[in-house]
4 protein chains.
Amino acid sequence: MRTHAITMLGTGFIGDFYATTLHRLRSHDRIRVAYARNEDRGRAFAERWGIPEATTDMEAAIRHPETDVVVVALPNHLHEAAVKAVAAAGKAILCTKPLGRNADEARRMLAAVEEAGVFAGYLEDLAYTPKTLKAVASVQAGSLGEITWVRSREAHPGPHSAWFWDGRLTGGGAIIDLGCHCIEIIRSFVGKGNRPIEVMCHTDTLVHPIDDEDNAVALIRFESGAIGQFEVSWTFRGGMDLRDEVAGTEGTIWLNHFLRTGFEMFTAGGSGGYVAEKAETAAGWLFPVGDEVVELGYVDMFDDMFEAIDGGRVARETFYDGYVVNAVMDAAYRSARSGAWTPVELHEWRGGTTPRIASTPEVHEGKVVIKREVLPDGRHKLVLKDPATGDFSDRVVGDA
Amino acid sequence: MRTHAITMLGTGFIGDFYATTLHRLRSHDRIRVAYARNEDRGRAFAERWGIPEATTDMEAAIRHPETDVVVVALPNHLHEAAVKAVAAAGKAILCTKPLGRNADEARRMLAAVEEAGVFAGYLEDLAYTPKTLKAVASVQAGSLGEITWVRSREAHPGPHSAWFWDGRLTGGGAIIDLGCHCIEIIRSFVGKGNRPIEVMCHTDTLVHPIDDEDNAVALIRFESGAIGQFEVSWTFRGGMDLRDEVAGTEGTIWLNHFLRTGFEMFTAGGSGGYVAEKAETAAGWLFPVGDEVVELGYVDMFDDMFEAIDGGRVARETFYDGYVVNAVMDAAYRSARSGAWTPVELHEWRGGTTPRIASTPEVHEGKVVIKREVLPDGRHKLVLKDPATGDFSDRVVGDA
Amino acid sequence: MRTHAITMLGTGFIGDFYATTLHRLRSHDRIRVAYARNEDRGRAFAERWGIPEATTDMEAAIRHPETDVVVVALPNHLHEAAVKAVAAAGKAILCTKPLGRNADEARRMLAAVEEAGVFAGYLEDLAYTPKTLKAVASVQAGSLGEITWVRSREAHPGPHSAWFWDGRLTGGGAIIDLGCHCIEIIRSFVGKGNRPIEVMCHTDTLVHPIDDEDNAVALIRFESGAIGQFEVSWTFRGGMDLRDEVAGTEGTIWLNHFLRTGFEMFTAGGSGGYVAEKAETAAGWLFPVGDEVVELGYVDMFDDMFEAIDGGRVARETFYDGYVVNAVMDAAYRSARSGAWTPVELHEWRGGTTPRIASTPEVHEGKVVIKREVLPDGRHKLVLKDPATGDFSDRVVGDA
Amino acid sequence: MRTHAITMLGTGFIGDFYATTLHRLRSHDRIRVAYARNEDRGRAFAERWGIPEATTDMEAAIRHPETDVVVVALPNHLHEAAVKAVAAAGKAILCTKPLGRNADEARRMLAAVEEAGVFAGYLEDLAYTPKTLKAVASVQAGSLGEITWVRSREAHPGPHSAWFWDGRLTGGGAIIDLGCHCIEIIRSFVGKGNRPIEVMCHTDTLVHPIDDEDNAVALIRFESGAIGQFEVSWTFRGGMDLRDEVAGTEGTIWLNHFLRTGFEMFTAGGSGGYVAEKAETAAGWLFPVGDEVVELGYVDMFDDMFEAIDGGRVARETFYDGYVVNAVMDAAYRSARSGAWTPVELHEWRGGTTPRIASTPEVHEGKVVIKREVLPDGRHKLVLKDPATGDFSDRVVGDA
């Protein structure tokens, strides 16, 4: 087993999540140097995580002679420059979500890493939660039949850091912050080879005095006919709402990643202490999760990334995935402005084609069976359609 | 207290639900005569519920000398004629949902009852579930602040009766069958005086070999800026999914009416028996509800109707409400065809105006407060926006 | 249908619940006269519920010439005298729970009503919740096989009224207040003909400065071998915890009557208002129930009582049931003192005999099958016991 | 960071769980040699997990020159001999639960490792689930005040392997198999320094044709007055029921580790595949967990063990803990035979003393405050007790 020495670019909220995961759970891979724009923050981060060096020189951090992997955990507007510098240095890159502020940026980053031939992983943690991985495996094994609809919802009262609120730096509002997660969750369930064709999106700014959206709902139509639905909000009250629902012709999956996971606690208060990411209160009924970095997917994500690097394969989440997500978000923003379905523009589709959801209807005595129900007495009730007249009728038959 | 003798028009699935409720729970009001198109079904219904008379003559049933209230529990395409006949007879009318196959039909029914001056109640049971009534009261009391978003979802594997599948008789597919419930639930939460402005809707026929939609998702934009979102499906697997979610600036409500209500049962099978409306299996993990007619709102609905008749007031759900619901559904169908936001056309709006959701942002040292978080140590972290430059910054302050 | 005029004895917390139910939901039966020990409280109660008369003369209230049913909603120490007076007056009696402060009192009340030949119903509401009624019906239909274990739990932060805390007036502490509910729920599931043989109970006073128990756990062994387990507490934090669990040889039932019923609400606060019985907070995550008098069983309880009176049959819950419950509680208190299993002393058992839970073990090639599991490949894995040696072994066989 | 080479004794069900965890999640520590009593099983296990060597010679496996840690994953009756052999070899020992078949065995194992001076960890995984660790931390931080009651429940349809059913090899039935988990969970919440004083236990054999108990419920009284309650069953239907409940003077915790963790799935069937440990069905509503080895505590358990070895500290779960658990189970079996509370016999108590749960009651105008409630209008209602007369009264006061 190889071990890796890591350059960490960025020392904010997500940097802490990454460092927790890397140092606690894969203790053989260590952060060797941290880059921060602010010297004090960099030094504090290095002390917090036992990192030998901190620097305010990004280029030096990237080219540090002992590191072979660079994690980009910077605000969105700094991704492109950082990714290009790492690609030029010929090191493996792991870049946080969203890949770019828009598809053009993402496409240029994709081109940079592919031209340089370096490993490039897209750090989309919520596509890696243990529940999501197992649910996706069930879907791929056919437990739900063909997927017809996926709802992915992420909502909380708004981000912690100032830069998240500045659309000039991020590329947008709640869609850019949260929608990128939802889109990749949806793609995982409908199949990544299932091309996103068009998007219908509504955005609004209802609560916060900002220019970008603090609420959005969108529908994504895939080639198979499946619909992805994402709901994102920076105005949700009650904590962080992270839920997914998947409907298929043969089954249903409901995932709740955060507020209802089998851990319920009432406290009259007094103890203080950290409850969970985006928790709103420290008294009354609280709903912590067990191990946040596990439940949010960070552990399985980094496992996949390092195993992919070591194994010479691509990661489950690649820069191409990040690019597709940006393209879908671009379409969402265009749709929100036009009020109509808007095509997803991809300069290149690598996923092949996916047939339309289809089934051959059963025929009973020359009529099409619309529905079959089992009655309490074991007999079957059929709803039938006469193909000639278009008329519908009921029919109760034996059990075959 | 007055008692009422009832004419029941229709003896199908919904007729049984109504008779259960009327006879068991308001035993002083009895069905006096039942009308069925089919003589055998009428007779069986009368025997099942201890009703003195059954007839295949609708006009005679309506004009029965002893009845003062007529319940219309017929397929959609028969509502208009029935309602007009009852109005002509001068009796109180209670009509099942949806009111019409489209807004034109509904508008004519509304005109008929208003011209005749008879009591006219709209039997929208799901606006009357005990949970909905209490949740709406909490919202009206301000517990959630201003409502920003309501999701109402109804999904099951498809209706039991043949006529439901025939769009010529019903006016459509899953939207006409289920969406009418969702729309009125949404209106109850955003406020019935909050005008529905426009609708964006996607429909598709994914599973059943029919011409009408078996799946639909729609957004309704209200005058206040609130968004209503309905999701309906005739292809859901796992039972009947009846859930509502309400988000406001100060709170959140989640309602689950059917599959997760605190009643969980595993059985290795063998006993058979009715589990619940639209249940798919009789073994494994099952999720019955306690008292279905209570939980689905039938009891509170009929209580309101008869108290309204006796008290000389309008019911909570009126024919005008039914008309608005039809108008929203018409807009949904038009939007599904055009792929764009589509206005809700109402010949008359009785609800007044509703101001845009608004709040006056807090200002801190000349900057706009975007967000305020309480830190574990009791201090507050502010995210601030400089109105001059548009730049965002963090600031930690004491607890005031 | 007959209507009834009611004498209400007692105007406290439970009196309000009863009046809500009687007047709102069975509006043809009205309270005609209310008796209160305190004149002001009686008058206020009468005004609140539109009752024509209030009095401080219990005998006059009982013998009121227009009433035919008397509801005893008084503190426990007043039940016996009240019941005897009503029996002497020859009217139907409905007495709140627990029937007596101990089995001797209950036995005398039982004798009084049986000698007088009057209708006597035991107002044990939690045996009548819609969920309990449906769950009991499933159990009786065999869905769970033979019942092996029932857990019934009622816990909250302590009663509202002062007299509840005075063991001299009530007969005990949390067991007398809450355990009586649990015992009757347990009996409903294991079968009322299943004789309670002995009890093992632990009590303690952990939080409140009182002499009686504020916490207790007990096991009840029934003739069939089934175990009933009740847990009661006056020190629970978080609201009112009302849950039942039933295990059988073929299935499982979990009921949650109060804190998790599919109604979840977060509010940042401000609106105030009543949330639910024994709710502890008015902000944060709250868990209201839909219609409290329905969910707590009051509606179905009074329906059964009046239908039983009208139909000349006994109620589902009788004074004999109340007496058995008191006898089980007496045994629990004795066991708590002795620290050992203690017999339930009943002067008369009306339930017949119940055979021991039993099954005939399957035999495979001369060995006893202890367990049969289905493997993913469809084959069966058997755990076998050799009756001669007592040795255990595994065996994988085909699917029959 | 040191790496470890491991000798694995035992290749059954639990051996697979351990190997999954060790190889997948702590890939720097590898199993070097596996010992199995059966040569074929040992070879298959080695192939399954990429282990260089398998042997049927336990002594050789223990003394393998390259290994420094030995994991004992053998049936209970083989623990003592294995532990003594490892202690003699001077290697670190990690022994699965329960430590012994009874306290005498456990005590001898404890003596052996302490005399040899080797590291000895007790592999009690359920004390290490992420939820349990976080919940225990909350309790230790005071969020729940003083702990009054802990319920720990483990129930499923019975173990997979034949030897589990043979009380001669295991030491008992469901208590030995499952109760050991519950007891250590309970101790974690009431405090490991809180001495278990006595036990009251009921056991029965209701379903399986075996001599040992397939159902048991027990109460454990701790020195503080806290009550631990464990419920174990080999006859539960519906999967594996793993739940804990903790009550304190200031709060409540409910944990659900398996059947309701935010992952719900309905499938019409067909796909087959492994759902979860002890799942009963592969169709209908299913409740998988995300990552079973994480959720069941294996990952955090082994992390603690190896960090303890590397850090020269004791593990969170030690052989002394295993010994205490055996002593509590011994008392439970004695109590089940005597039908009375039975002392827990410990030859040595290392936990110090714990004071009785206590609070100083508030006094209001010379009376003891039994309860304080906040009314909707902000005033407080007090229930008061007159210390002189023992009488109780109500009093409504302002908000202080």
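Okay, let me start with a contact: Arg237(C) and Glu250(D) pair up through their side chains in a salt bridge, 3.7 Å from N to O. This one crosses between chains, going from the loop between β10 (227–233) and β11 (241–248) of chain C to the loop between β11 (241–248) and β12 (251–256) of chain D. Arg237(C) counts as buried, at 18% relative accessibility, while Glu250(D), at 33%, counts as partly exposed. Keep in mind that this is a predicted model.

So how do C and D sit together? Rotate chain C by 180°, with 0.0 Å of shift along the axis, and it superposes on chain D with an RMSD of 0.0 Å. The two copies are thus related as by a two-fold rotation axis. Ala340(C) is the residue of chain C that comes closest to that axis, its C-alpha at 2.1 Å. And 100% of the interface residues of chain C are interface residues in chain D too, so the copies meet through the same surface.

Back to salt bridges: the whole structure has 146 of them over all chains. In chain B, Lys97(B) bridges to Asp177(B), with the closest N and O atoms 3.3 Å apart. Lys97(B) is in the loop between β5 (92–96) and α5 (103–116), and Asp177(B) is in helix α8 (174–190), so the pair ties together parts 80 residues apart in sequence. Both count as buried, Lys97(B) at 13% and Asp177(B) at 8%.

Last stop, α10(B). Of its 14 residues, 11 are buried, including Tyr298(B), Phe302(B) and Ile309(B). Just after the helix, Gly312(B) takes a positive phi of about 65°.

Note on methods: Residues are numbered from 1 along each chain as its sequence is written. Chains are lettered from A and ligands numbered from 1 in the order in which they are written. This is a predicted model: local features need pLDDT of at least 70, side-chain atom pairs count only at pLDDT 80 or more; totals for chains, interfaces and linings use all residues. Side-chain values use heavy atoms; hydrogens and water are left out. Buried means under 20% relative accessible area, exposed over 50%, partly exposed in between (1.4 Å probe, protein chains only). Helices (H or I, at least four residues) and strands (E, at least two) are DSSP runs, numbered from the N terminus. Copies are superposed by least squares on the C-alpha atoms of residues with pLDDT of at least 70 in both. Contact means heavy atoms within 4.5 Å. A salt bridge is a side-chain nitrogen of Lys or Arg within 4 Å of a carboxyl oxygen of Asp or Glu.
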